[in-house]
Every structure is written in C-alpha cells, then in structure tokens.
Amino acid sequence: MPAELPADAPRVFIDVGAHNGGSIGQVGEGGYTFDRMVSVEPDPAMIAALEARYATEIAEGRFQIAPVGLSDHIGTAQLLGDNTEGGASMIAGKFGGSPGNVREIKLIDWATFLRDYQLGNARLWVKINAEGAEIAILDSILAEGGKNIESLVIFFDIVKSPFGAWKKWRGLRDPRPAGSPPPPGRKGLPNDS
C-alpha cells in the first residue's frame with residue numbers, strides 16, 4: 001500500500017475510534033516520533049475528554065481531533081450507546097437490548113478525511129478500533145488506494161455483533177486483490193499464498 005513518498009514526508013499517527021485517548025497516550029509515552037497525531041472520534045463526551053487530556057498537544061499543533069465517524073460514504077448515522085459497555089457504536093445489535101444514548105453524527109469517507117486534515121502527502125500509521133465500523137472504513141481506505149499507509153492495525157469489534165465474524169472474513173479477503181499480504185496465520189482464502 002505505501003506510496004513513493006519522500007523519507008522526510010510528515011509522519012502522522014491516526015487513531016480511528018480514539019475513545020478517551022489511550023492509544024495516543026501510548027504513542028506519546030512510548031517514545032514514538034510522529035510529526036502529528038490525529039484522533040477520529042464522533043462521540044461528543046469522548047471529544048471533550050480528548051480536548052481536556054491533550055490540551056497542550058492541541059495548543060502546540062501536534063494533535064488534532066476529527067469530530068466525525070469514518071465510513072465508506074459521506075452522510076450521517078446514529079451513534080448508539082454511551083461508552084458504559086466499552087464504546088459507542090453505529091451497529092444496532094452490538095449492545096443487545098436497549099442502545100441507551102442515541103446521537104446523530106457526521107460521517108466522512110477516507111478520501112475526504114485525507115483532504116480535510118491535509119494527509120495526502122504524509123506517511124501514515126493507522127490504528128482502527130471503531131466498535132463495528134471497521135469494515136466500512138477498510139472498504140473506504142481500499143477505494144482510495146491506501147497508498148500512503150505505512151502500517152495498518154485493525155481491531156475487528158464487528159465480531160461482537162450479529163454476523164460479525166462473516167463480515168470480518170469478507171473484510172480480510174478484500175485487500176488481497178489490492179496487493180496487501182494475507183494476515184499471519186490465515187491460509188486457504190482466495191489469493192492466499
């Protein structure tokens with residue numbers, strides 16, 4: 001997936017599904033050197049927590065919050081739940097019975113995200129943990145080409161929802177024709193070597 005970007009291109013860590021900023025904290029405390037960090041988080045309560053926790057980094061211009069949900073299209077969605085069960089989600093079946101708090105959020109696709117946050121010419125390290133929206137986000141990345149992604153780590157929370165395991169399998173199968181290697185330990189799927 002990586003494009004031919006200069007070695008001195010900005011290095012940016014992208015935290016999709018930032019919650020309260022745990023991954024950003026690990027990156028900062030772990031001694032990783034990124035020119036910028038961008039958290040994607042649509043939940044207003046978590047956005048407020050990120051703004052308070054990383055006020056210095058925001059003021060210095062090293063950290064941005066994208067107050068949106070990433071998806072395979074531009075529009076809106078219902079965000080369900082209030083993080084008491086680990087995270088809010090756009091997947092209705094993820095929380096079983098009542099979803100609790102419901103809010104409308106703005107959705108953008110990967111190409112729009114790259115444009116809006118000036119990431120088209122940056123080298124990207126991406127972590128996705130989006131409480132079930134991982135497949136739509138991966139589809140959007142693949143549609144755009146994913147050309148400047150140096151590293152992509154996905155936590156497939158989709159498996160915690162109805163038919164989620166099948167959706168994960170489909171999501172892992174789709175990158176192979178785009179030239180991505182199969183995940184470790186997975187053989188027997190189309191295009192596995």
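# A tour from strands to cores

From the N terminus on, the elements run β-α-β-α-α-β-β-β-β-α-β-α-β-α. That comes to 6 helices and 8 strands. Helices (H or I, at least four residues) and strands (E, at least two) are DSSP runs, numbered from the N terminus. This is a predicted model, in which local features need pLDDT of at least 70 and side-chain atom pairs count only at pLDDT 80 or more, while totals for chains, interfaces and linings use all residues. Residues are numbered from 1 along each chain as its sequence is written, and side-chain values use heavy atoms, with hydrogens and water left out.

**The whole chain**

Start with everything selected. The protein has 193 residues, and 45% of them count as buried. Buried means under 20% relative accessible area, exposed over 50%, and partly exposed in between (1.4 Å probe, protein chains only). Now show the surface. Then turn to contacts (heavy atoms within 4.5 Å). Among those between residues at least 6 apart in sequence, 68% join residues at least 24 apart.

**Stop 1**

Select Ile14, Trp110, Phe113, Leu119 and Leu124. In the largest nonpolar core, which has 23 residues, these five touch the most other members. β1, β2 (36-40), α4, β7 and α5 (134-144) each supply at least two residues of this core. Apart from it lies another core, of 12 residues, with Ile24, Leu50, Phe63 and Trp125 among them. A nonpolar core here is a set of buried Ala, Val, Leu, Ile, Met, Phe, Trp, Tyr and Cys residues joined through side-chain atoms within 4.5 Å. In soluble globular proteins, nonpolar side chains tend to be buried together.

**Stop 1: tryptophan 110 and serine 140**

Centre on tryptophan 110. Leaving out residues up to four places away in sequence, tryptophan 110 touches Leu70, Ser71, Leu124, Val126, Ser140, Ile141, Glu144 and Ile149. Pick Ser140 from that list. Serine 140 sits in helix α5 and is buried, with a relative accessible area of 7%. Its contacts, setting aside neighbours within four places in sequence, are Ser71, Asp72, Asp109 and Trp110. Which atom of tryptophan 110 lies 2.7 Å from a polar atom of the serine 140 side chain? The backbone nitrogen does.

**Stop 2: helix α5**

Colour α5 by burial. Of its 11 residues, 8 are buried, so α5 is largely enclosed by the rest of the structure. Those buried residues are Glu134, Ile135, Ala136, Ile137, Leu138, Ser140, Ile141 and Glu144. Move on to glycine 145. This residue follows α5, and its phi is positive, near 110 degrees.

**Stop 3: salt bridges**

How many salt bridges does a search of the whole structure find? The search finds 6. The criterion is a side-chain nitrogen of Lys or Arg within 4 Å of a carboxyl oxygen of Asp or Glu. Side chains of opposite charge can pair when their charged atoms come close.

Select lysine 127 and aspartate 15. They form a salt bridge, with the closest N and O atoms 2.5 Å apart. Lysine 127 lies in strand β7 and aspartate 15 in strand β1, so the pair ties together parts that are 112 residues apart in sequence. Lysine 127 and aspartate 15 are both buried.

Next, select arginine 123 and glutamate 150. Their closest N and O atoms are 3.1 Å apart, in another salt bridge. Arginine 123 belongs to β7 and glutamate 150 to β8 (residues 149-154), so this pair links parts that are 27 residues apart in sequence. Arginine 123 is buried at 16% relative accessible area, whereas glutamate 150 is partly exposed at 32%. Elsewhere, salt bridges that share partners join Glu57, Glu60 and Arg62 into one network. Within that group, the side chains of arginine 62 and glutamate 57 meet at 4.0 Å, N to O. Arginine 62 is partly exposed, with a relative accessible area of 36%.

**Stop 4: two loops**

Go to histidine 19, in the loop between β1 (11-16) and α1 (22-29). Its phi is near 55 degrees, a positive value in a residue other than glycine. Histidine 19 is partly exposed, at 27% relative accessible area.

Finish at glutamine 118, in the loop between α4 (110-116) and β7 (123-128). Phi is positive at glutamine 118 too, near 50 degrees. Is glutamine 118 buried or exposed? At 57% relative accessibility, glutamine 118 counts as exposed.

How values were computed
Polar contact = N/O pair within 3.5 Å; in protein donor to acceptor, adjacent residues only side chain to side chain.
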